[in-house]
Amino acid sequence: MAKKSITGLQKQPNGIWKIDKVYRGERIQESTGTSDREEAEQYLIHLLEKKRQQKVYGVREVKTWRDAATRFLIEFRDQPSIRLSAIYLEQLDPYLGKLPLNFIDDDALAPYIKDRLNPKEGKAAGHRTINIALERVIRVLNLCSRKWRDEQKRPWLDAVPMITKLNEKKTKRNPYPMSWEEQSILFAELPDHLLRMALFKVNTGCREQEVCKLRWEWEIRVPELNTSVFLIPDGFGGRHDKSGVKNGEERLVILNEVASRVIEGQRGLHPALVFPYGKPDQHGPTAVHRMNDSAWKKARVRAADKWERTHHSPAHPGYRSLRIHDLKHTFGRRLRAAGVTEEDRKALLGHKNGSITSHYSAAELDQLIEAANKVSATDSRAPALTILKRRQG
């Protein structure tokens with residue numbers, strides 16, 4: 001007597017058998033992962049038995065890390081940082097993907113951490129980078145325990161284990177605010193478009209993408225003061241369309257004398273972008289994707305070498321590896337050195353302080369402009385103005 005084949009299997013064009021079957025009112029659709037019919041039938045029988053035990057005896061369905069990570073990416077797909085989360089979850093999948101959720105702990109994460117710290121190829125990840133991935137793990141596990149429920153209304157995970165993060169103090173790179181002489185040497189090495197952006201950044205405290213994507217439509221004239229400011233919307237989009245201003249508030253950008261000169265020098269270059277880049281073509285110049293490019297990295301090395309030749313002593317490691325974000329730290333340090341109050345420093349640096357930036361009066365704006373101009377008082381040579389004039393000439 002011929003063996004009766006089990007129903008609910010469909011062969012796909014690639015030869016893999018797929019399950020498409022209704023069992024006790026639930027439609028099951030998933031791949032068996034095999035092109036062998038007998039093996040596919042055994043997989044389906046095992047799956048149906050597991051479903052039967054869940055429905056008849058209340059046996060809990062075992063959820064894997066991959067199940068949880070997939071649900072997280074779908075449920076939070078509109079989150080501004082979802083692209084970054086997807087990168088970390090993809091890195092974690094080879095290590096955790098098939099593991100049941102209750103198997104996720106420090107031991108399970110140890111191979112991932114080891115490989116990230118000592119990769120066979122490429123650059124080793126820093127402790128902060130690895131901790132960002134571990135924070136994603138903790139968040140997903142918390143959702144499994146506190147929010148997500150199975151058909152019997154039981155949590156996917158009974159308890160979240162204590163996940164140990166790495167000590168960032170051992171590898172954390174401290175901010176490096178530049179001296180005026182260091183700025184003068186570095187800025188002289190930058191290409192013109194990057195020089196203008198750097199001058200603007202070090203005199204406004206803007207973040208990198210706020211400079212790269214700055215738009216003329218955000219400029220607001222203040223006729224009472226014969227100047228203008230920029231008001232960056234909270235959802236402007238940074239490097240990606242869904243990323244906005246970091247603290248979720250509008251970002252008021254105050255222009256001191258140097259920043260104002262930079263802005264005037266950019267007028268007419270592009271109808272929408274303040275800092276366009278590239279030779280005009282049928283589409284016109286485009287926005288700079290990032291300031292921390294090869295031109296910046298080569299310029300800081302040349303600047304450090306020049307410093308060493310001039311002073312006959314090694315340049316500070318922070319100067320040789322100066323980051324774009326250090327320009328913001330430089331602006332903040334100069335404001336503090338000039339005696340600007342903490343409240344005004346927060347407003348100028350775009351830090352969250354509970355105020356509604358779009359409701360500043362002209363008098364308050366005048367006070368902030370005066371505070372921003374105080375940074376020049378920390379250096380009598382005013383090299384930034386000299387450099388800008390030389391480059392524009």
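**View 1. Histidine 312 in the loop between H10 and helix H11 of the predicted model**. In this predicted model, histidine 312 counts as exposed, at 72% relative accessibility, because a residue is taken as exposed when the value is over 50%. Its place is in the loop that lies between H10 and helix H11 (317-320). The backbone of histidine 312 has a phi near 55 degrees, which is a positive value in a residue other than glycine.

**View 2. Asparagine 226 in the turn of the hairpin formed by S4 and S5**. Strand S4 (residues 219-222) is joined to S5 by four bridges, and the two strands run antiparallel; within this pairing, glutamate 219 stands opposite phenylalanine 230 of S5. Four residues lie between the two strands of the hairpin, and asparagine 226 is placed in this loop between S4 and S5. Phi of asparagine 226 is near 55 degrees, again a positive value in a residue other than glycine. Is asparagine 226 buried or exposed? With a relative accessible area of 66%, asparagine 226 is exposed, because that value lies over the 50% cut-off.

**View 3. Strand S5 and its covered faces**. S5 is mostly covered, since six of its six residues are buried. On one side of the strand these are Thr227, Val229 and Leu231, and on the other Ser228, Phe230 and Ile232, with both faces covered. S5 also pairs with S6, in the antiparallel sense and over three bridges, and here the bridge partner of leucine 231 is leucine 252 in S6.

**View 4. The largest nonpolar core and a second, separate one**. The largest nonpolar core holds 42 residues, of which Phe187, Phe200 and Tyr319 touch the most other members. At least two residues of this core are supplied by each of helix H6 (180-189), H7, helix H8 (208-212), strand S5 (227-232), helix H9 (257-266) and helix H10 (294-311). Which element gives the largest share of this core? That share, seven residues, comes from H7.

**View 5. Helix H13 and the elements packed against its buried residues**. Within H13 (residues 342-349), the buried residues are Asp344, Arg345, Ala347, Leu348 and Leu349. After H13 comes glycine 350, with a positive phi near 75 degrees.

**View 6. The packing of H3 against helix H5**. H3 and helix H5 (residues 127-146) pack at an angle of about 90 degrees, and their axes are 10 Å apart. The two helices are therefore roughly perpendicular, as the angle falls in the range of 65 to 115 degrees. On the side of H3 the contact is made by Leu84, Ser85, Tyr88, Leu89 and Leu92, and on the side of H5 by Thr129, Ile132, Ala133, Arg136 and Val137. Sorted by class, the residues in this contact are seven nonpolar, two polar and one charged.

**View 7. Lysine 98 in the loop between H3 and H4**. Lysine 98 lies between helix H3 (82-96) and helix H4 (106-117), and it is exposed, with a relative accessible area of 71%. Although lysine 98 and tryptophan 65 are 33 residues apart in sequence, their C-alpha atoms are 6.4 Å apart in space. When neighbours within four places in sequence are left aside, lysine 98 is in contact with Thr64 and Arg66.

**View 8. The open sheet of three strands**. The strands of this sheet follow the order S1-S2-S3, and their pairing is antiparallel. Strand S1 (9-11) and strand S3 (26-31) are the edge strands, each pairing on one side only, and the twist from one strand to the next averages 20 degrees. Between strand S2 (residues 17-23) and S3, the antiparallel pairing extends over six bridges; lysine 21 has isoleucine 28 of S3 as its bridge partner.

**View 9. The protein as a whole, for orientation among the close-ups.** The protein has 15 helices and eight strands, and buried residues make up 42% of its 393 residues. Among contacts between residues at least 6 apart in sequence, 62% join residues at least 24 apart.

Note on methods:
Residues numbered from 1 in each chain as written. Predicted model: local features only at pLDDT ≥ 70, side-chain atom pairs only at ≥ 80, totals over all residues. Heavy atoms only, no water. Buried < 20%, exposed > 50% of the residue type's maximum accessible area, 1.4 Å probe, protein only. Contact = heavy atoms within 4.5 Å. Axes fitted to C-alpha atoms, helices over the stretch in contact; angles between N-to-C directions. Parallel < 35°, antiparallel > 145°, perpendicular 65-115°, else oblique. Nonpolar A, V, L, I, M, F, W, Y, C, P; charged D, E, K, R; others polar. Core = buried A, V, L, I, M, F, W, Y, C linked by side-chain atoms within 4.5 Å. Pairing = 2+ DSSP bridges.
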